[in-house]
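Dear colleague,

I am passing on the structure below, which you have not worked with before. Please look through it first, and then read my notes on what was found.

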Number of protein chains: 2
Amino acid sequence: MRTVGIIGLGLIGGSMALDLRSRGFADTVLGVESNSVNACAAEKIGLVDAVVPFDECIVRSDIIIVAIPVDSAIRTVKLILDRFQEGADPPSSASLRDRITANAPEGVSAPSWKDKIVIDVCSTKEQIAKATKYHPARKQYVATHPMAGTEYSGPWAAQPGLFDGRACIFADAEESSPKAVKTVGELYDTLNMRPIHMGSAAHDVHTAYVSHISHVTSFALALTVLEKEKDEKHIFDLASGGFSSTVRLAKSSADMWVPILTENRDNVLRVMDTYLEKMKEFRDAVDRMDEDRIRTLIAEANRIKKIIR
Amino acid sequence: MRTVGIIGLGLIGGSMALDLRSRGFADTVLGVESNSVNACAAEKIGLVDAVVPFDECIVRSDIIIVAIPVDSAIRTVKLILDRFQEGADPPSSASLRDRITANAPEGVSAPSWKDKIVIDVCSTKEQIAKATKYHPARKQYVATHPMAGTEYSGPWAAQPGLFDGRACIFADAEESSPKAVKTVGELYDTLNMRPIHMGSAAHDVHTAYVSHISHVTSFALALTVLEKEKDEKHIFDLASGGFSSTVRLAKSSADMWVPILTENRDNVLRVMDTYLEKMKEFRDAVDRMDEDRIRTLIAEANRIKKIIR
């Protein structure tokens, strides 16, 4: 009998809920969702067995997945680790003890506090690593980044199989208990993800260089096309598959991306500056009608073919 | 009995060959391919009924589709219009007359020179329009741009259904004979394309603003990631679906894109400059950690959702 609690029933949380239950990793999936419309939708769609209050989710779940934007996730993971600590070592204050233990429904045996695990799934890892590094319950936290998603958000965007065959990064796994890492490994194995281990600082460098810059270039492309091409009908008519795929990420939500870009500011700035240089170089070659230079730049860019199929 | 000749058996020419024959528009599809490896492949794959010399293709075909990069296409369309002219009004020189008429195989009745049509499928239209504007056989030429494709090239990239549901631009159709436009309309109708009419100059502005800029941003993204992320394994591991779709166009061939970017230099430069401004604005907001500004920029970019689904 394993209960998984998911804080945040959006694209990632909702998609995890679907596969973890249907593939037998969890017997029960509980959800916590602060947006009442999304909470209602998640229950109606059947993403989770029940949407419950935060405290009840912490008491009843063996594994808690925090799937909300990175700024809120930092606060929430710390709060959950506090609860783990308080539950394992109950405080003398009767009211706090009551709050911690009274939320388990009648007849449901809550898992041991010391065996509970919390996971985050954020796209930046260094700030959350710093914020939790010295927490007494740190070993019960596993920092992960499942590298999957679409440009859509909310419970309606959840889909089965979203993670199949993708990479999942485990950041600073040595800070977590081996038992917790093993269980979380099984969780991602259920989602058919390839585990990759790296430090949280390295994670933020590499994701800025590969993933975050793609979003920024796509936002800038959308802004450019919307400014230059005032007539939306022309955009619709002339959007071949090429434009659609290049601009796809520009549909991504500000709630998710503002925190990522600010949390990972230094790395993102570094790669944006290189991007601006490359774009400028390309522009100048076109300006000079320097066919040889344009050809060389395109041939260099084509090398990506060998890496990404 | 209709014969279609296709000059250039790459992604576009090859895909047209497949659908025009299988859907009954052409009884016979002839191909011309200067690259001998590609010619051999096109015959083996069965894209065309026969790969033939250029002159034979012109003599035997009712409709000739020029599907080669835009710089060569300009020369080739002019040459074909010259032949139409020479065929309709045979020159006194015996050797030239022989060259024109002698290429029809025994027993094959060649279509009338005055009824033949030539089409190009280039991504820029203004230069080719200028180059052909005063040609005596101009009415037999229909300038089109089927807005479909993939990042792959060559006969191996050809696929059935490539054009289904996409837009096809007819540029300066008033310069062609109504009969030719009607026949070419039927051709693209067979490919399930939506016809859109515009002038060649407007075409080049709008495609720069929507399509050409997407390719340039994608080339620059590939160059950036390849420079910043020296370890190809990291690129492979961290390439989520988002990066893959944004960088997809960076696999496009220099042979096709160098001529497009130089032919359409002024429009491309204009949109690149706007893009550089937008990127710089985004960069500065991240630099200042100006969350409100980043949020506003992303929300503006999100408007693309309403146009491109």
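**How the two chains meet**

Between chain B and chain A, 24 residue pairs are in polar contact, both residues being at pLDDT 80 or more; a polar contact is a pair of N or O atoms within 3.5 Å, where within protein one must be able to donate a hydrogen and the other to accept it, and residues adjacent in sequence count only if both atoms are side-chain atoms. Helix 8 (residues 200-228) of chain B gives the largest share of the side of chain B that touches chain A, namely 18 residues; helices here are DSSP runs (H or I, at least four residues), numbered from the N terminus.

Please keep in mind that this is a predicted model, in which local features need pLDDT of at least 70 and side-chain atom pairs count only at pLDDT 80 or more, while totals for chains, interfaces and linings use all residues. Residues are numbered from 1 along each chain as its sequence is written, chains are lettered from A and ligands numbered from 1 in the order in which they are written, and side-chain values use heavy atoms, with hydrogens and water left out.

The contact (heavy atoms within 4.5 Å) takes 86 residues from chain B and 86 residues from chain A. The area buried between the chains, which is the accessible area (1.4 Å probe) that two parts lose on being put together, summed over both, is about 9,100 Å², and carbon and sulfur atoms give 70% of it. On the side of chain B, Leu223(B), Lys228(B) and Leu238(B) lose the most area to chain A, together 8% of what that side buries.

The rule also finds 12 salt bridges across this interface, a salt bridge being a side-chain nitrogen of Lys or Arg within 4 Å of a carboxyl oxygen of Asp or Glu. Asp237(B) forms a salt bridge with Arg194(A), with the closest N and O atoms 3.2 Å apart.

As for the copies themselves, 100% of the interface residues of chain B are also interface residues in chain A, so the two meet through the same surface.

**One residue in more detail**

Phe282(B) lies in helix 12 (residues 265-287) of chain B and is buried (under 20% relative accessible area, 1.4 Å probe, protein chains only), its own value being 0%. Leaving aside neighbours within four places in sequence, Phe282(B) is in contact with residues of both chains, including Val216(A), Phe219(A), Leu223(A), Ile294(B) and Leu297(B).

With best wishes

Methods: Helix = DSSP H or I, 4+ residues; strand = E, 2+ residues; numbered from the N terminus. Buried < 20%, exposed > 50% of the residue type's maximum accessible area, 1.4 Å probe, protein only.
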